[in-house]
Amino acid sequence: MAARLHGLGTTIFAEMSALAVSTGSINLGQGFPDTDGPASMLEAAIAAIRSGEHNQYPPGIGIGALRHAVANHQSRFYGLDVDADSEVLVTAGATEAIAAALLALVEPGDEVIALEPYYDSYAACIAMAGGRRVPITLCAPDFRLDLDALRAAVTSRTKVLLINTPHNPTGTVLTRDELAAVAELACERDLLVITDEVYEHLTYDGAPHLPLATFPGMRERTVTISSAGKTFAVTGWKIGWVCATPDLVAAVRTAKQFLTYVSGGPFQPAVAEALRLGDDYYLGLRASLLAKRDLLCAGLASLGLDVFAPQGTYFVTTDVRPLGYSDGVEFCRMLPARCGVVAIPHEVFYDDKTAGRPLVRWAFCKQDEVLSEAVERLRAGLARS
């Protein structure tokens, strides 16, 4: 194995999901819903397969219908004018989009600043690009961005800011003031910004999602990434996209074409159909997940955990120390056998392992009865510890 990949190993999601299967546990670890997305989208995929028109390689940049739907989405929700033919690239989910963007834009030795805790593929992709990751830690209980620390972290070697909002795993949604400060810094230091916005429609308690590309000076230096998986409950379809200026899209496409080349032919027209759904769909999605968040937060709090209610995403974070545990990894590895529930330890998302050690992430994108059953299993199992 190349030295730059040392320490990456098997993802925690693979490990914990395998434990869920082997123990028959409720999986509140990996962030996937347990219900299907909108019926019209599913029917569109079936129709695309049956038509025989989308079962071979789609165009390398993605089918026109989906690229136009993404461009229309950016205009509809954010007022961004995006050219569907030169400023949109369809990818195999947001994970590939992030990998391709980093491979395309980072030279060996370049520094990439990312918000810690960060989704585990960030570290791997920065390493594969030969870059050096520089974490800015979001600290409990509020997980706010420390702007002074961000400014201090920028050096002459900094090339990219990798910004994730709504933020996985903490659920933080960056505020207008925080994003304005990021934009000012990027312009001042001539930095590129890659934004992971896959949870853009999953924000709660009035916290708005504000794409960084909408801020002054950022349209030309931002690679905006999102996907269909979270918004439309089809994480297995792996349909994502990049929006950026033509030169940035061309750079990302150069790397992307040698990863998967293309993917998801019959799913692309179906996602285009979904992106055209009315506002009632998006409002209903947010309301449903807000109720699930509150259900799980209340249940976890009733067990004695410190609960940090998220402003966005599928996930709630807890501190396990009130239950007498100090290590989230050990806690999560104990849960399947003792309680029949799987969660994810925050520590795997940190370079600063101490900061993440007592924290655990739980997914609430499940049916209400599943969430309630998980809490009761935890209550019974933890009572025996």
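I began with two tyrosines, Tyr199 and Tyr314, and found both of them buried, a word I use for under 20% relative accessible area, with exposed meaning over 50% and partly exposed the range in between (1.4 Å probe, protein chains only). I note that this is a predicted model, in which local features need pLDDT of at least 70 and side-chain atom pairs count only at pLDDT 80 or more, while totals for chains, interfaces and linings use all residues. Residues are numbered from 1 along each chain as its sequence is written, and side-chain values use heavy atoms, with hydrogens and water left out.

Next I went through the aromatic pairs, where rings of Phe, Tyr and Trp (its six-membered ring) pair if their centres lie within 6.5 Å, and planes under 30 degrees apart count as stacked, over 60 as edge-to-face and the rest as tilted. By this rule I have 15 aromatic pairs. One of them joins Tyr57 and Tyr261 edge-to-face, at 5.8 Å centre to centre and with 75° between the planes. This pair links distant parts of the chain, since Tyr57 sits in the loop between α2 (39-51) and α3 and Tyr261 in the loop between α8 (246-256) and α9, 204 residues apart. For the helix and strand names I rely on DSSP runs, numbered from the N terminus (helices H or I, at least four residues; strands E, at least two). Tyr57 counts as exposed because its relative accessibility is 70%, whereas Tyr261, at 39%, is partly exposed. I also noted a cluster in which ring pairs link Phe77, Tyr78, Phe232, Tyr281 and Tyr282.

I then turned to helix α10 (residues 279-302). Just after α10, Gly304 takes a positive phi of about 100°.

Which residues does His346 touch? Leaving out residues up to four places away in sequence, I found Pro117, Pro169, Thr170, Thr317, Gly356, Leu359, Val360 and Arg361. His346 lies in the loop between β12 (344-345) and α12 (353-356), and it counts as buried because its relative accessibility is 0%.

Key. Contact means heavy atoms within 4.5 Å.
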